[in-house]
Amino acid sequence: MTQYVYRFGGGVSDGGKGDKNLLGGKGANLAEMASIGLPVPPGFTIGTPMCAVYYDEGGNFPDSLKAEVANGIAHIEAVTGKKFGDAADPLLVSVRSGARASMPGMMDTVLNLGLNDETVLGLATTSGDERFAWDSYRRFIQMYSDVVLELDHGAFEEALEIAKEGKGYFLDTDMTAADWKALVAEYKKLVEQQWDKPFPQDVHDQLWGAVGAVFGSWQSERAKVYRRLNDIPASWGTAVNVQAMVFGNMGDTSATGVAFTRDPSKGDNAYYGEFLINAQGEDVVAGIRTPQYLTLAAREAANARPLSMEEALPEVYTELAGVFDTLEKHYRDMQDIEFTVERGKLWMLQTRSGKRTAKAALKIAVDMAEEGLITREEAILRVEPGALDQLLHPTLDPKAARDVLTRGLPASPGAASGKVVFDADTAEKRAAAGDAVILVRTETSPEDIHGMHAARGILTARGGMTSHAAVVARGMGRPCVSGAGSLSIDAKAKVLRCAGREVNEGDIITIDGASGEVMIGEVPTVQPELAGDFGTLMGWADEVRKLKVRANAETPLDARTAREFGAEGIGLCRTEHMFFDAARITAVRQMILAEDEKGRRAALDKLLPEQRSDFVELFEVMAGLPVTIRLLDPPLHEFLPHEEEEFAEVAAAAGVEVEYLKRRAAELHEFNPMLGHRGCRLGVTYPEIYEMQARAIFEAAVSLAEAPVPEIMIPLVATRRELELMKAVVDQAAEAVFAETGKRVDYLVGTMIELPRAALKAGEIAEVGEFFSFGTNDLTQTALGVSRDDAARFLQIYVEKGIYAKDPFVSLDVDGVGELIQIAAERGRETRPGIKLGICGEHGGDPASIAFCAQVGLDYVSASPYRVPIARLAAAQAALTKA
């Protein structure tokens with residue numbers, strides 16, 4: 001019989017940290033903490049395989065599980081000495097999710113389960129605190145009604161606010177036992193009104209309802225969105241953890257908190273966290289009350305008045321600090337910890353590797369390597385390459401004027417400006433329309449995740465540094481300011497008010513997640529400085545990677561940016577981008593619209609000095625590094641005039657009539673231009689175009705003291721003969737320039753492999769071509785028969801239905817397009833063993849695609865300038881995992 005239930009606590013650990021796939025991260029770590037002697041309330045985990053069974057069985061559980069769960073409850077009862085459902089001394093439990101990958105706030109939790117009209121009286125007696133008992137019962141009804149019964153959460157919140165207002169209270173802690181008892185009665189009425197049945201009193205019905213709800217939350221919309229954004233497979237499923245309750249809301253010697261063993265925003269080796277006295281766990285993360293600081297130093301730095309845990313509960317804090325050190329050394333990583341203090345007794349409820357910003361990930365990895373806790377190779381593997389995006393974009397200019405509206409907590413670093421929106425749906429719609437938006441909420445909830453992803457930044461009036469908004473924003477790399485308590489947000493009226501000022505939806509604000517400042521209007525930015533820990537880790541990465549990293553660049557600014565980020569050359573210079581310059585476009589159009597070679601050469605003569613100047617600048621920036629130049633590629637229609645004024649300009653420059661030009665433009669019209677007269681087909685029909693470009697390249701190369709090695713790339717080749725013809729044009733231009741100047745430079749002529757036929761006939765093409773660069777944007781289009789300009793309408797559905805694991809234009813289709821690359825690499829090397837192989841599509845900056853390139857044995861990848869550091873780190877990780 002399959003085992004589904006695994007116990008922990010009370011000297012028993014049926015699993016451990018190596019069982020994350022079976023028990024989920026939370027269950028595996030609870031078992032592990034218990035096994036190393038830390039204070040963990042006893043419990044059991046229902047393993048992840050049951051999640052699939054639950055869905056396969058239509059939301060039902062097998063009888064064998066019910067027997068295992070009964071044994072699990074008996075284990076908790078034996079350790080605690082309490083009985084589940086006992087009116088005199090009741091056992092209460094929490095029911096929590098726990099997937100193998102951390103998904104904070106995305107799935108459901110139920111606390112205080114086991115309370116009913118009878119057991120609440122027993123809890124009041126055994127605890128000696130009637131107020132605590134009724135507070136716990138109202139929390140349970142509220143949470144169970146929301147999570148399990150799926151009733152209107154707002155109605156319960158409204159009832160609580162009305163109860164407080166009626167008594168003139170401001171805080172939940174002002175409520176008395178009698179107040180909570182009255183609210184419980186009100187809550188039970190709400191349940192009966194909305195559910196048409198009384199609140200369930202049988203504790204076993206409560207338990208199975210909660211277990212089903214947690215498994216059910218795996219397929220909630222918010223969980224599905226989070227999985228899609230973080231590449232978590234739906235097949236993994238979640239585990240369910242049932243654990244004896246411990247209470248942080250039993251008075252002033254009780255507390256609950258969330259902590260990190262190091263600062264998850266900056267990476268400093270200092271405890272970081274928050275706690276609340278006389279509270280339960282959801283009070284901290286939900287932002288219902290603004291938490292207090294964990295350490296005295298943090299409180300003083302924030303100039304906050306409420307005592308830190310270090311001051312308020314010094315003995316427990318000392319014990320907690322010891323646990324932090326134990327866990328960090330045991331797991332050899334920064335830990336994110338949940339704890340509760342029940343009447344002076346510390347209990348550990350969770351540990352996991354903490355989510356962190358890219359800046360913190362870098363610092364923590366480098367510090368731990370230098371402390372000897374991990375190796376340099378492990379440090380390289382600890383930093384997610386894609387997360388470096390957070391470091392590679394501008395921050396606020398410190399010299400710029402700032403109209404500061406208010407300050408909140410600096411919850412997630414970075415800065416962003418955008419139009420204010422007050423709900424997640426609007427954020428998503430406006431972002432899709434091209435607007436930069438800032439999502440402003442009183443507090444975020446997991447249902448807001450799609451809007452948080454769409455927004456440039458997030459601002460909340462409530463919540464601390466470990467609130468939902470803060471944790472999710474840090475994981476996404478979004479700037480976030482939380483707990484800006486002076487803001488009054490009216491989401492219905494779409495206005496926020498602060499200090500006598502109003503900001504309406506659509507108004508622009510700026511937030512600084514590093515300082516907590518909220519500013520009216522847009523504040524200028526400055527480029528990041530990538531030194532210190534970034535430079536150290538990149539240096540370690542460069543020592544181990546095998547793949548070279550180049551950049552896609554055609555302007556001096558892009559080339560300089562790429563060099564600053566460590567690019568080792570240019571892997572793709574798209575020469576057509578140089579032609580769109582306003583000063584040149586008329587000559588380009590004149591060349592296209594000419595009816596004969598003479599007319600084309602007249603226009604090309606105007607472009608030659610401009611092209612030569614372009615290449616001189618690029619060669620100078622790259623200072624002897626390889627520069628791969630793709631000759632003119634796009635369909636000619638992209639350059640054609642459309643407006644009357646544009647036709648008039650070209651007509652004047654060419655000395656012809658406007659009507660003639662319009663007729664010529666109509667003749668050049670194509671029904672499917674992406675597969676039409678473009679790439680080397682232009683060179684075959686109009687060789688003078690490629691001749692001019694080749695001459696410009698060689699004239700620029702011979703003019704420099706430090707001779708570059710140009711790599712001239714012929715696009716869209718499908719046959720050996722096409723490349724042969726075009727190579728002859730390039731060679732002839734080279735020899736002409738060398739003869740005229742008396743100077744020679746080395747150069748290579750190769751091709752872009754972007755058609756399936758070229759991949760299959762790579763052996764023949766390599767007889768002529770001296771290098772291949774895989775143009776995976778077009779190779780993906782032509783291999784899949786999918787236009788990337790139109791595919792957005794349906795590709796996401798294809799990903800959701802499992803047709804493709806990811807959008808194939810974002811991450812390489814390894815099974816299909818990848819096989820074409822592998823075939824071309826193998827056949828090209830058979831013909832020309834030393835052939836240089838690279839990739840220059842957008843996939844060159846995608847870590848998963850880079851791993852495939854390393855596996856196939858390519859020589860280099862080429863990415864956009866800001867993705868060069870990502871590619872360097874991903875290439876190092878590919879080398880380490882391949883080894």
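Which residues form one aromatic cluster? In this predicted model, the cluster consists of Tyr54, Tyr55, Phe61, Trp208 and Phe215. Over the whole structure, the search returns 19 aromatic pairs. In one of these, Tyr271 and Phe324 are edge-to-face, because their planes meet at 65 degrees, with ring centres 4.9 Å apart. The two residues are separated by 53 positions in the chain: Tyr271 belongs to the loop between β9 (255–260) and β10 (272–277), and Phe324 to helix α13 (residues 314–331). Tyr271 is partly exposed, at 24% relative accessibility, whereas Phe324 is buried, at 1% relative accessible area.

An edge-to-face arrangement is also found for Phe698 and Phe738, with a centre-to-centre distance of 5.7 Å and an angle of 75 degrees between the planes. This pair links helix α27 (residues 687–702), which holds Phe698, to helix α28 (residues 720–741), which holds Phe738, across 40 residues. Phe698 is buried, with a relative accessible area of 0%, and Phe738 is buried at 4%.

Two lysines are placed over aromatic rings. Lys17 lies over the face of Tyr331, 5.5 Å from the ring centre. The charged end of Lys197 is positioned over the ring of Trp195, at 4.5 Å from its centre.

Eight strands form a closed barrel with parallel pairing, in the order β27-β28-β29-β30-β31-β32-β33-β34. From one strand to the next, the twist averages 25 degrees. Within the barrel, β32 (residues 771–774) and β33 (residues 836–839) are joined in the parallel sense by four bridges, and Phe772 stands opposite Leu837 in β33. Helix α33 (residues 817–831) lies across both β32 and β33 and runs at about 175 degrees to β32.

Notes: Residues are numbered from 1 along each chain as its sequence is written. This is a predicted model: local features need pLDDT of at least 70, side-chain atom pairs count only at pLDDT 80 or more; totals for chains, interfaces and linings use all residues. Side-chain values use heavy atoms; hydrogens and water are left out. Two strands pair if DSSP finds at least two bridges between them. Axes are lines fitted to C-alpha atoms, for helices over the stretch in contact, and angles run from 0 to 180 degrees between N-to-C directions. Contact means heavy atoms within 4.5 Å. Rings of Phe, Tyr and Trp (its six-membered ring) pair if their centres lie within 6.5 Å; planes under 30 degrees apart count as stacked, over 60 as edge-to-face and the rest as tilted. Buried means under 20% relative accessible area, exposed over 50%, partly exposed in between (1.4 Å probe, protein chains only). A charge sits over a ring if NZ of Lys or CZ of Arg is within 6 Å of the ring centre and within 35 degrees of the ring normal.
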